[in-house]
Amino acid sequence: MKTKDNLHPLMREIIAPWAPLTYADHYYIDLGYRHERGKVSDHEYKMAMAEGPEARRLVHRGALEAMQKAY
């Protein structure tokens, strides 16, 4: 079985919405969630944002999840 890491880049882009999340994906989503709640250092947040567009997308996804949940 091919994972999303060893697929052709175009195929990876096509299946992205349905592909299972990796450990790194969960980390970025959790980081965005915790940053929105004020529980992560600015340095860690800035380092994650510098990783690239996919990391930024996942961090923003986590932030949106935090905003949608009630305090």
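How many residues does H2 have, and how far does H2 reach from its first C-alpha to its last? In this predicted model, H2 has 14 residues and reaches 20 Å between those two atoms, close to the 20 Å expected at 1.5 Å a residue.

The buried residues of H2 are Asp25, Tyr28, Ile29, Leu31 and Gly32. Around the axis they cover an arc of only 155 degrees, which puts them on the same side of H2. Among the elements that cover these buried residues are H3 and H4. Just after H2 comes glycine 38, with a positive phi of about 80 degrees.

The structure holds 1 aromatic pair. Its members are tyrosine 27 and tyrosine 28, in an edge-to-face arrangement with 5.4 Å from centre to centre and 65 degrees between the planes. Are these two tyrosines buried or partly exposed? Tyrosine 27 is partly exposed, with a relative accessible area of 31%, whereas tyrosine 28 is buried, at 14%.

Let me now turn to helix H4, which comprises residues 53–68. H4 has 16 residues and reaches 22 Å from its first C-alpha to its last, close to the 22 Å expected at 1.5 Å a residue. Which residues of H4 are buried? They are Ala55, Leu58, Val59, Gly62, Ala63 and Ala66. Seen down the axis of H4, these buried residues fall within an arc of 140 degrees, so they line one face of the helix. In general, an α-helix has 3.6 residues a turn, so residues three or four places apart point the same way. On the other side of H4, Pro53, Met67 and Gln68 are exposed. The cover over the buried residues of H4 includes helix H2, residues 23–36, and helix H3, residues 42–49.

I come next to the charged side chains. Side chains of opposite charge can pair when their charged atoms come close. How many salt bridges does a search of the whole structure find? The search finds 4.

One of them joins arginine 34 and glutamate 44, at 3.8 Å from N to O. This pair links distant parts of the chain, with arginine 34 in helix H2 and glutamate 44 in helix H3, 10 residues apart. Arginine 34 is partly exposed, with a relative accessible area of 24%, and glutamate 44 is partly exposed as well, at 26%. Together with Asp30, Arg34 and Glu44 are linked in a network of salt bridges.

Glutamate 65 is partly exposed at 32% relative accessible area, and arginine 61 is partly exposed at 34%.

Notes: Residues are numbered from 1 along each chain as its sequence is written. This is a predicted model: local features need pLDDT of at least 70, side-chain atom pairs count only at pLDDT 80 or more; totals for chains, interfaces and linings use all residues. Side-chain values use heavy atoms; hydrogens and water are left out. Helices (H or I, at least four residues) and strands (E, at least two) are DSSP runs, numbered from the N terminus. The expected span of a helix is 1.5 Å times one less than its number of residues. Buried means under 20% relative accessible area, exposed over 50%, partly exposed in between (1.4 Å probe, protein chains only). The arc is that of the directions from the helix axis to the C-beta atoms. Contact means heavy atoms within 4.5 Å. A salt bridge is a side-chain nitrogen of Lys or Arg within 4 Å of a carboxyl oxygen of Asp or Glu. Rings of Phe, Tyr and Trp (its six-membered ring) pair if their centres lie within 6.5 Å; planes under 30 degrees apart count as stacked, over 60 as edge-to-face and the rest as tilted.
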